Amino acid sequence: MFQDILAGISMMFEPMTLILAFVGVALGTILGAIPGLTSTMGIALLLPITFTLSPVAAIVMLTAMYKGGLFGGSISAILFNAPGTSAAAATALDGHQLAKQGKAGKAIRMALIASASGDMFAAFVLIIMAGLIAKFALLFGPAEYTAVILFAFTMVLGVAEKSLMKGVLATAAGVLIATVGYDPITSIPRFEFGSMEMSGGFNIVPVLIGLLAISEVFLQIEMIFRGEKFDKLKSNDLGDSKITWKEVWSTRKIILNSAGIGTFIGSLPGLGPTIAAFLGYKSGKKFAKDPEKYGKGSIEGVAAPEAANSAVGSANLIPLISLGIPGDVEAALILGALIIQGITPGPQIFENNGPIIYGIYAGLIVAVLMNFIFNWYFIRGVSKIQNISVKVMIPIILVLCTAGAYGMDQRIFDVKIMFFFGVIGYLMLKFKIPTTALLIGFILGPIFERSVRQGLVLSGNDIMYFFKSPIALIFFFLTIFTIARHFYKDLKEKKNNINQNF
């Protein structure tokens, strides 16, 4: 075993492998920072090239690109409220508010530190406990997934804040919109209204860009035409873009908690970094020193989702390497690269390909370090973008968003959907309805529906099937407890306000 570890490390530290890891991080960051152009597209394009590379170099390059893409999505989310990936949508909640306060550099650096910390945590968990966690993940069936997603819906309580009814209605609208397209069980088109394009449903990318980025652009355009002092990002001096050790240390509990959440979510096939990010964001509020700042520009609100979504980048390899089950799309592409190299993931992988797997493990750690070092200096140039006039940035953002929406499937229909949801997002902002709540419903709705219906099919429509699993019962209890706790705190605050008035 020790010889396999040394052989794997020597494979990782070959000059070509190190260069490819750096190239992967750089390309992933750039693709992730452009709304719509995700690292997944880059991995798919580079997959055929891996045939000419060594197994360790190929997998390390692809995983490095994925890690760079996860962080890259937060750059545009913080600067322009235009998440490069859906996983960065939660980061935009506090990150963009910090950018408006002239602290974009601080927010991006905090995101990078949390991202690297969460990723490194998950990488070590993968190395030490991959087999054990993978066996636990096998216990999750439709009942358990239903309970987990139901618990995830409680994120709306944190996003909606005082406008709970608006948040619930927005989430319900998101779930309803997600039902457009083919039925997940029968494959019968729903709510397509005779349109072939709508029969495939709405892609997450144009919906995300429309709700968060285009709606913000519309608001800025309205302010310009009214002659108001529009919301311009303030310029930073160097000191304001720095983050102190004290600030980083204050987020340690939040980062550790979110890293654990991301590792857990990443080890479960099919959930992905977006759900982990929102769960991390909601959970982080409990550890925040000043929860009232959440959603208004808190570095803790940036650290929580970033640590969670980046942890998924390593944790999704747990079921892949141990069981041969890809956790998400990116893991499926990496599985394809392993198969191209003649490697079959599963319980026997360490016996048959020990040195290669240890080389990949070493590569994960190197990729995290490269991602941190590259982006730490990359931030210096990127954060200066905020000094550009909003009047100049608006057309640039519109062009990038349009290219991103079109680039996914090369369909003009997606561009139309982007602007349609941009109008919806604009109206929601005007009426103070949380757009993130609609996005949560849109993302979680299909997973929840699929899990419920799979459970009903397996059980012969027996609703009690969902209450027979101890794991499911734990998550059902957590859901009820979270809701009850929220209403209890709300009633307590109202009672205290009444007493103060008297």
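Mentor: Gladly, and let us begin with burial: a residue is buried under 20% relative accessible area, exposed over 50%, and partly exposed in between (1.4 Å probe, protein chains only). Do keep in mind that this is a predicted model, where local features need pLDDT of at least 70 and side-chain atom pairs count only at pLDDT 80 or more, while totals for chains, interfaces and linings use all residues. Residues are numbered from 1 along each chain as its sequence is written, and side-chain values use heavy atoms, with hydrogens and water left out.

Trainee: Is Asp 183 buried or exposed?

Mentor: Asp 183 is buried, because its relative accessibility is 8%.

Trainee: Which residue forms a salt bridge with Asp 183?

Mentor: The general idea is a distance rule: a side-chain nitrogen of Lys or Arg lies within 4 Å of a carboxyl oxygen of Asp or Glu. Here the partner of Asp 183 is Arg 453, with 2.5 Å between the closest N and O atoms. This pair links distant parts of the chain, 270 residues apart: Asp 183 is in the loop between β1 (181–182) and β2 (189–190), and Arg 453 is in helix α21 (residues 435–459). Those element names follow DSSP runs, numbered from the N terminus, with helices (H or I) of at least four residues and strands (E) of at least two. Arg 453 has a relative accessible area of 24%, so it counts as partly exposed.

Trainee: How many salt bridges does the rule give?

Mentor: The count is 10. Another one joins Glu 449 and Arg 190, at 2.6 Å from N to O. That pair also links distant parts of the chain, with Glu 449 in helix α21 and Arg 190 in strand β2, 259 residues apart. Both of these side chains belong to buried residues.

Now look at Asp 462 and Lys 468, whose side chains meet at 3.6 Å, N to O. Asp 462 is partly exposed at 28%, and Lys 468 is exposed at 60%. As for networks, shared partners join Asp 183, Arg 190, Glu 449 and Arg 453 into one.

Trainee: What does Asp 414 touch?

Mentor: Contact means heavy atoms within 4.5 Å. Leaving out residues up to four places away in sequence, Asp 414 touches Asn 203, Pro 206, Ala 405 and Asp 409. Asp 414 sits in helix α20 (residues 412–430) and is buried, with a relative accessible area of 1%.

Trainee: Which residues gather in a patch of positive charge on the surface?

Mentor: A patch takes residues with over 30% relative accessible area and no salt bridge, joining like charges within 9 Å and nonpolar side chains (Val, Leu, Ile, Met, Phe, Trp, Tyr) within 5 Å. Lys and Arg count as positive and Asp and Glu as negative, while His and the chain ends are not counted. In this model the positive patch gathers Lys 246, Arg 252, Lys 253 and Lys 289. Arg 252 lies in helix α13 (residues 252–266) and is partly exposed at 38%.

Trainee: And what about phi: which value does Phe 191 have?

Mentor: Most residues other than glycine have a negative phi. Phe 191, though not a glycine, has a positive phi of about 55°. Phe 191 is placed in the loop between β2 and α10 (204–226), and its relative accessible area of 45% makes it partly exposed.

Trainee: Where is Asn 461?

Mentor: Asn 461 is in the loop between α21 and α22 (470–501). Asn 461 is not a glycine, yet its phi is positive, about 65°. At 63% relative accessibility, Asn 461 is exposed.

Conventions. Accessible areas come from the Shrake-Rupley method with a 1.4 Å probe; for residues, only the protein chains shown count as cover. The place of a charge is taken as NZ of Lys, CZ of Arg, CG of Asp or CD of Glu.
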